[in-house]
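Trainee: I would like to learn how to read a structure feature by feature. Please show me how to begin.

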Amino acid sequence: MFIDDTIAAIATAPGEGGIGIVRISGEKSLEVAQSIFKSKSGKMIKDYNTRTLIYGKIVDGEKVIDEVLVAYMKGPNSYTAEDVIEINCHGGFISVKKILELILSKGVRIADAGEFTKRAFLNGRIDLSQAEAIIDVIKSKTDMAHEVAQNQLEGSLAKKIKDLRMNVTEVLAHLEVSIDFAEEDVEEITYQTLEEKAHELRNEIKKLYDTAESGKILRDGLKTVIVGKPNVGKSSLLNSILGENRAIVTDIAGTTRDVIEEFVNIKGIPLKIVDTAGIRETEDIVEKIGVEKSRESFSTADLVIMVLDASRKLSEEDMEILESIKN
């Protein structure tokens, strides 16, 4: 990864859509864009005000690739704090691919994963906590997760850490002054006051630290595994929670043979629900693999839901499963 070269990438998700975006960042962005773009008015991109959407066509010599809207954002007032060009073309697989290939033929390098955000960080436009928040905003699965990530992106976490650092520095300064300049005429601060401030700061730091687990849950979701013997209603429970027939349900024991995973939003908390094969001793090779996968799933779970059949007495198999998930 070189910070001084020009990079390009497709900025929109793969697949068919109304609009696809190709982004260029770096010193040669404007030069490259002007070499492949013809505006409707005949003017050059640099003749327009920055951040203006310019209508025209991307061309390879005389061949028209696509009708587009081009925006030029001059650094440092851009996402990466470098000169950035964004080309809005028709969505789909071919248009964005052809435009990107044309750009790369002009001596531009394909961007590595996350490189636009890395450049924004290295160029000082965002700090590390904001860089991490960007992927959290993109991947958020619930409104609550999105809100937390958005607050972090706006710098709420960075501000808290900055304030804590300032307060710790202040306590240290008072302590050093009282030791090094004990005989001088300086503002005195008692040991008790220092101790109280230090305890207060420690509690604030711990409070912030303790929110990390909540943030992880909102970001990644709780891995929730449904376990039990065959034919006790695990798949029926999954279908009920999801509100759709996601898993096949029959009266035949051992119907579920593979691990089925789905995400569900419960009161703002994303749950990654895993339906597993019924746990029992079996000679069926495929079912045996499914049972082994079930055991692996609940050993790494955040939350385990064990399903029991209330119409039958607790069996030895039930007790074995309960024992294996007790932690």
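Trainee: In which helix is Leu172 found?

Mentor: Before that, note that this is a predicted model, in which local features need pLDDT of at least 70, side-chain atom pairs count only at pLDDT 80 or more, and totals for chains, interfaces and linings use all residues. Residues are numbered from 1 along each chain as its sequence is written, and side-chain values use heavy atoms, with hydrogens and water left out. Helices (H or I, at least four residues) and strands (E, at least two) are DSSP runs, numbered from the N terminus. Leu172 is found in helix H6.

Trainee: Which residues form the nonpolar patch on the surface?

Mentor: Patches are made of residues with over 30% relative accessible area and no salt bridge; like charges are joined within 9 Å, and nonpolar side chains (Val, Leu, Ile, Met, Phe, Trp, Tyr) within 5 Å. Here the nonpolar patch is formed by Val168, Leu172, Leu175, Ile179 and Ile205, with about 410 Å² of accessible area together. Accessible areas come from the Shrake-Rupley method with a 1.4 Å probe, and for residues only the protein chains shown count as cover. Helix H6, residues 156-180, gives the most to the patch, with 4 residues.

Trainee: How many salt bridges does the structure hold?

Mentor: Side chains of opposite charge can pair when their charged atoms come close. A salt bridge is a side-chain nitrogen of Lys or Arg within 4 Å of a carboxyl oxygen of Asp or Glu. The structure holds 13 salt bridges. In one of them, Arg23 pairs with Glu86, the closest N and O atoms being 3.0 Å apart. Arg23 lies in strand S2 (residues 19-25) and Glu86 in strand S6 (residues 84-90), so the pair ties together parts that are 63 residues apart in sequence. Both Arg23 and Glu86 are buried.

Trainee: Where do Lys206 and Asp210 lie?

Mentor: An α-helix has 3.6 residues a turn, so residues three or four places apart point the same way. Lys206 and Asp210 both lie in helix H7 (residues 191-220), 4 residues apart, about one turn of the helix. They form a salt bridge whose closest N and O atoms are 3.0 Å apart. Asp210 is partly exposed, with a relative accessible area of 40%.

Trainee: Which residues are linked in a network of salt bridges?

Mentor: The network links Asp5, Glu82, Arg109, Glu115 and Arg119.

Trainee: Which residues of H4 are buried?

Mentor: They are Ser129, Gln130, Ala131, Ala133, Ile134, Asp136 and Val137. What covers them includes helix H3 (115-122), helix H5 (143-153), H6 and H7. Contact means heavy atoms within 4.5 Å. Thr117, for example, lies in helix H3. Leaving aside neighbours within four places in sequence, Thr117 is in contact with Tyr79, Ile126, Ala131 and Ile134. Thr117 has a relative accessible area of 17%, so this residue is buried.

Trainee: What does Ser39 touch, not counting residues up to four places away in sequence?

Mentor: Ser39 touches Tyr48, Ile54, Tyr55 and Gly56. Its place is in strand S3 (residues 37-39). Ser39 counts as buried because its relative accessibility is 10%.

Definitions and conventions:
Buried < 20%, exposed > 50% of the residue type's maximum accessible area, 1.4 Å probe, protein only.
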